[in-house]
Amino acid sequence: MNIWELVIITIVKILIAITTLLLSVAYMVYFERKISAWAQNRLGPNRVGYKGLLQPFADVFKLLLKEDIVPQAANKTLHTLAPFISLFVAFATYAVVPIGPSINIFGKEIKLVAADVNIGILYVLALTSLGVYGVTFAGWSSGSKYSLLGGIRSSAQMISYEVSMGFSIAGVLLLSESLRPIDIVNAQYGWMWNAILQPIGFITFVVSAFAETNRLPFDLPEAEPELVGGYHTEYSSFKFAGFFLAEYANMIIASCLIVTLYLGGWQIPYIDKLGLNATVTTILQVGAFLFKTAFMLFVFIWVRWSIPRFRYDQLMNIGWKVMFPLSLVNIIWVALLIMIFKI
Amino acid sequence: MVAKKRKKNLNFFERIYIVEIIKGMILTLKNMFRPKFTMEYPEVKFEPPASYRGRPVLVLDENGVERCVACGLCSRVCPALAIEVQAAETEYEKERYPEKFEINMLRCIFCGFCEEVCPEEAIVMSKDYELVYTNREDAIYGKDKLLVPIEQLRDRIEFLRKFK
Amino acid sequence: MPKIILDGKEIEFKPGQTIIEAARDAGIDIPHFCWHPKLSVSGNCRMCLVEVEQMPKLVISCATLASEGMVVHTSSPKAVEARNAVMEFLLINHPLDCPICDEAGECKLQEYAYAHGRGESRFEEMKVRKEKRIQLGPYIKFDAERCILCSRCIRFTDEIAKSHQLTFIKRGDKVTITTFPGESFDNPYTLNTTDICPVGALTNQDFRFKARVWEMSKTNSICIGCARGCNIEIWVRNNQILRLTPRYNEDVNSYWMCDNGRLNTFKFVNSDSRIDGPFVRRNGLLEKVSWEEALSEASNKLKKYKGNEIAFIGSAYATNEDNFMFIKLAKLLDVKKVMFARHIKEGDQDDILIREDKTPNSLGAELIGLMPINENLLNELFEEISTGKIKVLYIIEDDIFGKYENLKELAKKLELIIVHATNKNITTEFADILFPASTYAEKHGTFVNFQGRVQRIRPAVATVELDRALDGMSMSRWDKFGTPFDRWMQGKKYDAKPSWKILTSISTKLGLKIKYEMAEDVFEDIANTIDEFKGLDYDLISNNGIKIKNKAYEYIK
């Protein structure tokens, strides 16, 4: 494989990744609104296009056509920079998520991941930590008390939950003996999904993922009733759309990661026993990955309408006094598993 | 913050709340498949009951004269100061009538105090809830828009007689 | 002083006082309809029943003399029961007219019905029907149904107006009030009966259905109808004066004012003839200009003349502050002729309130230093104008051309006529520079009445330069919560300023170093320079006024 082929293939992969991500973000908003409506016995958006399918575009155009307001007290550079940091982090993480095994096209073996990095998981952790900057900058640079409180809450919350998140992942790494996402998925062959082997780790990771993405019940940084929107109070138009986009992209990434790390990635248990040809198997597996991700996204929305927001002290208590010890317990559990079964 | 003592101490399983969370999630899920209550507005219209407080209107009696005597009580009681009345003398037995009666619908909060205070049963809340205006001037309803024949208001007047 | 015990409280009384008077002096209000402090005791309403220990029956407090050691209960169960019973009787035939009755809001019957009424009637029969909308005299509408037959109005005509025009006729439930046959209720004080009428039986025709009393703001002021300077309240809604009512001041007008003052001294404030903004004559026509332009024009033109070429005519309608500033400007320009015209209507005077002198401030103008125009002075003025010695006339707030018609022909000889006026009149037609002056209802200031009493006026109507909230004017609920988008806030505001302000601006332009920001500053200066006003200030004058420091006026009543 010469360098040009590699470049072209990578660019195509990136384009496909970004387009699907953007589209899925758009429809994520639509489904969030729909499912929210259903949970409340309403109909949800149904006016723009067939069954309201064009609603996301209407929303985007509305947002883009609005006046871009920068408060007088704001630090203009950081104020502008913040949404871009958020967006960049959200999209960059997507690079290391494998959506399926390798596929053969025109005799070339192509991996279904934008960048097959051997320290992919570290990359993910590094980038999510960067994500805090977007929110904190936005909060601080707006020069508004609501934004500032939102920003501070957000950074405290994200730093706290990153700890348990990191320790949860440690359990996964112990089992897969690799930081490469593809290896992690391969290690979960058959029913050996991490969610089944280490349920405690699964729960702590999912909860931390909710906290990292600022989703209910952990949406204190943007708590509308008390902070009027939190860190993005002073944002409008395109910049606000940036945050909006980043939030939903983050949700999708989080779902992808949960699936990759705990739900066996693209694995369909015992599919190789069916004796299908390689391409069909791969397509089915990609489908499985997308299905699992979609289900996780549904869970995100589902949880939103089931569990109310935490109080700030409760949030910190759970983070440090429950999630952190639990993730440590999980590591010991995994270590015991390895010791006993010599996996 | 001093935590309030619970009446009963929860045991470990209750304290991790997992069961309760799952119960809650199942409830939410169930609701997703329940029948929807949304009324698709412009096609389907809400038919308000007699107790509904739509925009306030002036009653035009059977003989084609407004009941209002411009006493100004509605204007005084209106918490939003939406009503302005100017009285003048009339030849009818009621002696005075409203020369000008204006309700600023941008100010009106549909509380129904005007109706409650009216000694002549002359101002009542109608069922009309479709109020659209594109500028401030249009939002000030004068006598031309406020006067409604009593036939259309029977429902409400009967309701008032029963419950006021 | 002897004492009685009223509701457990020991109060003092002057010998000869009735219980109700003693209680009133002690600040306790015993409910009453027919009793009025300035009228004789009639004792027919029975509302003021109180229980007096050692007396076998309840007594009416208006007709029972207080005596040492008397123990009176106004709210014992017996007294309350009796009062409620009286209320019930009064309400039996009183129509439920409150929504259409102008008295509502200041009606004694309404107030007591809240305090002592049962809330419902046990009377199942038809109420007695009597005639409504009777024209009783030129200014009064009488509603016989509402009348509770307290006879206050009858006693007023007998005792105060001394015209003996009203009386009861018929008997039983048909009793009603009317004039004597062939008489009309037309004495100069008729409208006071609408004030003292405890219900809405007698109402002011002029104010009929104009507004509800609670919609208006009221401002303490002084009537400008004559030199008496009756204390009044100005009632304003939507920046429009709707009525004037007398304000109690024992030393000036007691509870009363005359019909002329009540009806004819406020309409010009909101009339179409008001001058709105300054005007300057260009090419023979008065043209509206900016304040700055008009002020510069006036000062530039005045500069060109010597003091003896100018005559200043002040006004007995203007406040002391206005006249004082006028004199300051005169001194600055070295003008010797500073005078004012009296407006005397010979024979139009009585020993109740009305005075011959039809201006509110002639004494003030004189004290400030203006010369009253007499025949000699007038002839001299005419002559000097016709010989061309006097070329400039400066007139403030008086229709001098209307009063001295000879001036109309002499006007051609004058090179410059500057006028301050509130409304268009004959003088304004001849003006070269015309300044819009605030009326008495739009400014702070002081008048001195014929008794030598300095009294204050306050702004009740806002001009362009005034803001109700910021300038501390009285505000109704509507004024408080209105926005510029509400129609009730869009009452006309005229672009006028008080004369002293205009004169101050001109003086400053001519190089005088003074800094007056409020009328109070000008008055402070008056108090410092003029003996009669020494030591006075706005706080001392307050609502009831104060006598000037001059022995001659000390005992004038």
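H2 of chain C passes H3 of chain C in a left-handed crossing. This is a predicted model, so please keep that in mind throughout.

Where are these two helices? H2(C) covers residues 77–92 and H3(C) covers residues 108–116. Their axes are 10 Å apart, and the packing angle is about 130 degrees.

Now the residues. From H2(C), the contact takes in Arg83(C), Asn84(C), Met87(C), Leu90(C) and Leu91(C). On the H3(C) side they meet Leu109(C), Tyr112(C), Ala113(C) and His116(C). Sorted by class, that contact has 6 nonpolar residues, 2 polar and 1 charged.

Next, the interface of chain C with chain B. How many residues of each chain are in contact? The count is 25 residues of chain C and 32 residues of chain B. Between them the two chains bury about 2,400 Å², with 44% of that on carbon and sulfur atoms. Within chain C, the residues that lose the most area to chain B are Arg133(C), Phe209(C) and Arg487(C). Together these three account for 30% of what the chain C side buries.

Last, charge pairs. The rule finds 8 salt bridges across the interface of chain C and chain B.

Terms used:
Residues are numbered from 1 along each chain as its sequence is written. Chains are lettered from A and ligands numbered from 1 in the order in which they are written. This is a predicted model: local features need pLDDT of at least 70, side-chain atom pairs count only at pLDDT 80 or more; totals for chains, interfaces and linings use all residues. Side-chain values use heavy atoms; hydrogens and water are left out. Axes are lines fitted to C-alpha atoms, for helices over the stretch in contact, and angles run from 0 to 180 degrees between N-to-C directions. Helices (H or I, at least four residues) and strands (E, at least two) are DSSP runs, numbered from the N terminus. A crossing is left-handed if the near helix is turned anticlockwise from the far one by less than a right angle, and right-handed if clockwise. Contact means heavy atoms within 4.5 Å. Ala, Val, Leu, Ile, Met, Phe, Trp, Tyr, Cys and Pro count as nonpolar, Asp, Glu, Lys and Arg as charged, and the others, Gly among them, as polar. Buried area is the accessible area (1.4 Å probe) that two parts lose on being put together, summed over both. A salt bridge is a side-chain nitrogen of Lys or Arg within 4 Å of a carboxyl oxygen of Asp or Glu.
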